[in-house]
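Q: Got a model open here and want to go through it with you. Can we start with the charged pairs?

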Amino acid sequence: MTRIAATVAGMHFPNPFILASGPPTAKGNLILEAFKAGWGGAVTKTIGLRPTLPPSPRVHAMKAGKIKWGFLDIELISDMTVGQWCDEIDRIRDSFPERPIIASIMGEDNPESWQEVVRRLEPHGVNAFEMNTSCPNFAAREERGSKLGQDPHTLSMAVRWVREATELPVIVKLTPNVTDITPLVKASIEAGADAFCATNSLSGIGGIDIETFSPLPSVDGIGIIGGYGGPGLKPVALRCVADIAQVTSAPIFGCGGIARWQDAVEYLAVGASALQLCTAVMWEGFHIIQRLTEGLERYLERQGIPSVDQLVGRPVPEPPG
Amino acid sequence: MTNLDTRFMHLDLPNPFFLSAGPCTASWEAAMEALQVGWGGVVLNTICSSTPPVQGLHEQVIRSGRTKWGVVGAEPVSDHPLDEWLAGIPKIRAAFPTRLLLASIFGDGKAESWQMLAERLGSAGACGFEINACLPNPLSREGVGGDLGQDPDALAQVVAWVREATALPIVVRLSPNVTDILPIAKSAMDAGAEAFIATGSLLAAGGIDPDELAPSPTFDRSRLLGRYRGPGLKPVALRWTAAIAKALPVPLIGSGGIVGWEDAVEFFAVGASAVSVGSGAAWNGIGLIDDLETGLLGYLREHGYRSPSEIRGRALPRIVGFDELDLDHKLIAVVDKELCNGCEVCVRACGDGGFQAITMSEGLAFIDASKCDGCGLCACVCPTNAIRMRDRQSGQQAPS
């Protein structure tokens, strides 16, 4: 299966299918199981200095009949401490010394909150840091309450903090909840980012319970604006990847509604170098890696494409007129 | 006495269901037919002052198997000549003098184009105007997004131009492709907009057929990029409807993925006074109005409401911030043994995306209460709805 190996931002993935930051990467033993099943790499659930407890329930599936087309979650970052994560990563490294582990991190509006997490995790053999920029509580000094990933100036400041603290690749996970994603890309590049993950979930309401009028999922009768992912996110995230590929040659991890190898081909074609998956794994389990890798391998073989990177497209310029 | 009577702006309408500008209102005859079968209002397909902007992307239905849940395509605009509309609108008006009849208009970068459309269509009998802010910004400037509705200044300018030309209501179909919708809505209101449709379509990419890529991975960007509507838009449209309803005293028409009456109830609950249906009617026919009316009326009666306005905004106080959630409130999954078919979907989901709390026992799912964290994933994936989330009583043992 060498045809489907991928090298992105200096990291060697045996295949381009990587677990996105989320519940399937919430613990070391889950990542271990995923690696055994054949996943190309994993991004940990977001690690920060202030772990948060998750609400119950915290997910809701949007359906048409029996078909699930969207997934809404309302949890924040990992409930484990940085110290616990260091131990978890050590345990994965014992069995899989080479498989890329990317630490998803989130800090606050000061350099220490990001840099301490980086400095403590780095010695444990993580291969890169992915900045979660969808923090709802990131209060830029001049503009309280704005999200980190929605303001180029604030984002570039935070990327610089992380850049100062590490030589490892810095990946910025972008939010699609912006008027224009390209200024955020440019600001990140200028601040030293090496790669992007596009995208995080759309902000949305998963539905309203028409008996109780609670947003769904309902936590004892109330709810919040959550993160909308799964198949319904794909058209938006695919567009974002295409837009980002127009303005940078930095590698992009495509993320949003990938469940089949065909989805992966689409993301690669518009400019992604590798893929991240979460919802499909939650709905079906780690075993989907088999059909993903086999499907992609056969496709490349059938089309006579020697390697995944040959498929990574850059959009052709729009025809005049 | 329960009925569907709906007051919207200055109009008394028989129901809160409108047809969106699009294929179902593509001609004056189609719009007339829609009112004949009972729609409370119609928004005529967008009438442009000049050549329709950026067209050509063929409509791509987004589906899983045979189930449709989205469409990516061009923003619909009318290719019928203005004179045809001017001849037809008086006939609609004569037959239905009291229904909502909005003309969706779109001009160019000059006031005259917008004002000409507003004056002529207003004189013909339109009861108001829609400005579709999801169409390309005719006043585009360097560094500002492509939708009219992404540029608050341009949108305000266009609304002000139309306002100068007419005293009739102006309704703006807002673009959801924004970091924050409130400044945009506020600036449109200041310029004279009287109501909003929340929302229009998301910027998106349609699919690519893998077999069409080889041998070289190139594709035509103009064929890929489009607008995303249908059920997949609903979570975003609900979010923005709620945001506007909480902040601004303005009538709202919910729009985005309304296929059934339940969808309409959700939009009313987050603050809409009426809803506008696009893909749902395009897929199921305009006869959908019967199901919408019957379903909504039944719901209102069963719950003791007299009109749709009584459910307006009821969900808003329940949409809170994360800090207000009670994180000590824990649920536990409970399996209904009558419904469980032993498919093991929940076992895999909980195993790899949850807490490894589900095993198989005598061919049925079994929840280990000591491991279940109450996330709700198993209930989402269960194909037979055999798993319910229940309050965890302190000291509760695993269900037998």
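This is a predicted model: local features need pLDDT of at least 70, side-chain atom pairs count only at pLDDT 80 or more; totals for chains, interfaces and linings use all residues.

Q: Where do A:Asp243 and A:Arg239 lie?
A: Both sit in helix α6 of chain A, four residues apart, about one turn of the helix. An α-helix has 3.6 residues a turn, so residues three or four places apart point the same way.

Q: Is A:Asp243 buried or exposed?
A: A:Asp243 is buried, because its relative accessible area is 17% and the cut-off for buried is under 20%. A:Arg239 is buried too, at 14%.

Q: Which residue does A:Arg91 form a salt bridge with?
A: A:Glu88. Their closest N and O atoms are 2.6 Å apart.

Q: Over to chain B. What does B:Arg229 pair with in a salt bridge?
A: B:Glu59, at 3.0 Å from N to O. B:Arg229 is in strand β12 (residues 225-229) of chain B, while B:Glu59 is in the loop between β4 (41-48) and β5 (60-64) of that chain, so the pair ties together parts that are 170 residues apart in sequence. B:Arg229 counts as buried at 17% relative accessibility. B:Glu59 counts as partly exposed at 47%.

Q: How many salt bridges over all chains?
A: The count comes to 25.

Q: How many salt bridges across the interface of chain A and chain B?
A: One. The side chains of A:Arg58 and B:Asp373 meet there, 2.6 Å from N to O. A:Arg58 and B:Asp373 also belong to a salt-bridge network with A:Lys45, A:Glu75 and B:Lys330.

Q: How many residue pairs in polar contact across that interface?
A: There are 25, with both residues at pLDDT 80 or more.

Q: Which element gives the largest share of the side of chain A that touches chain B?
A: α6(A), with seven residues. Other elements giving two or more residues to that side include β5 (59-64), β6 (67-73), α7 (261-269) and α9 (288-303) of chain A.

Q: How do the residues on that side of chain A divide?
A: Into 45 nonpolar, 20 polar and 13 charged.

Q: What area is buried between chain A and chain B?
A: About 6700 Å². Carbon and sulfur atoms give 64% of that area. In residues, 78 of chain A are in contact with 79 of chain B.

Q: Switching to the inside. How many residues has the largest nonpolar core?
A: It has 201. Among those with the most contacts inside it are A:Trp39, A:Leu277, B:Trp39 and B:Ile131. A second, separate core has 26 residues, including A:Ala128, A:Trp283, B:Leu377 and B:Val381.

Q: What does B:Ile131 touch?
A: Leaving out residues up to four places away in sequence, B:Ile131 touches residues including B:Ile105, B:Trp114, B:Leu148, B:Val172 and B:Arg173.

Q: Which residues are buried in helix α1 of chain B?
A: B:Trp28, B:Ala30, B:Ala31, B:Met32, B:Ala34 and B:Leu35. These buried residues of α1(B) pack against β3 (17-19), β4 and α2 (82-95) of chain B. B:Gly38 follows α1(B), and its phi is positive, near 120°.

Q: What is phi of B:Glu362?
A: Near 50°, a positive value in a residue other than glycine. B:Glu362 lies in the loop between β16 (358-361) and β17 (364-367) of chain B. B:Glu362 is exposed, with a relative accessible area of 82%.

Q: And phi of B:Asn385?
A: Near 55°, positive, and again in a residue other than glycine. B:Asn385 sits in the loop between α12 (377-381) and β18 (387-391) of chain B. At 42% relative accessibility, B:Asn385 counts as partly exposed.

Notes. Residues are numbered from 1 along each chain as its sequence is written. Chains are lettered from A and ligands numbered from 1 in the order in which they are written. Side-chain values use heavy atoms; hydrogens and water are left out. A nonpolar core is a set of buried Ala, Val, Leu, Ile, Met, Phe, Trp, Tyr and Cys residues joined through side-chain atoms within 4.5 Å. Buried means under 20% relative accessible area, exposed over 50%, partly exposed in between (1.4 Å probe, protein chains only). Contact means heavy atoms within 4.5 Å. Buried area is the accessible area (1.4 Å probe) that two parts lose on being put together, summed over both. A salt bridge is a side-chain nitrogen of Lys or Arg within 4 Å of a carboxyl oxygen of Asp or Glu. A polar contact is a pair of N or O atoms within 3.5 Å; within protein, one must be able to donate a hydrogen and the other to accept it, and residues adjacent in sequence count only if both atoms are side-chain atoms. Ala, Val, Leu, Ile, Met, Phe, Trp, Tyr, Cys and Pro count as nonpolar, Asp, Glu, Lys and Arg as charged, and the others, Gly among them, as polar.
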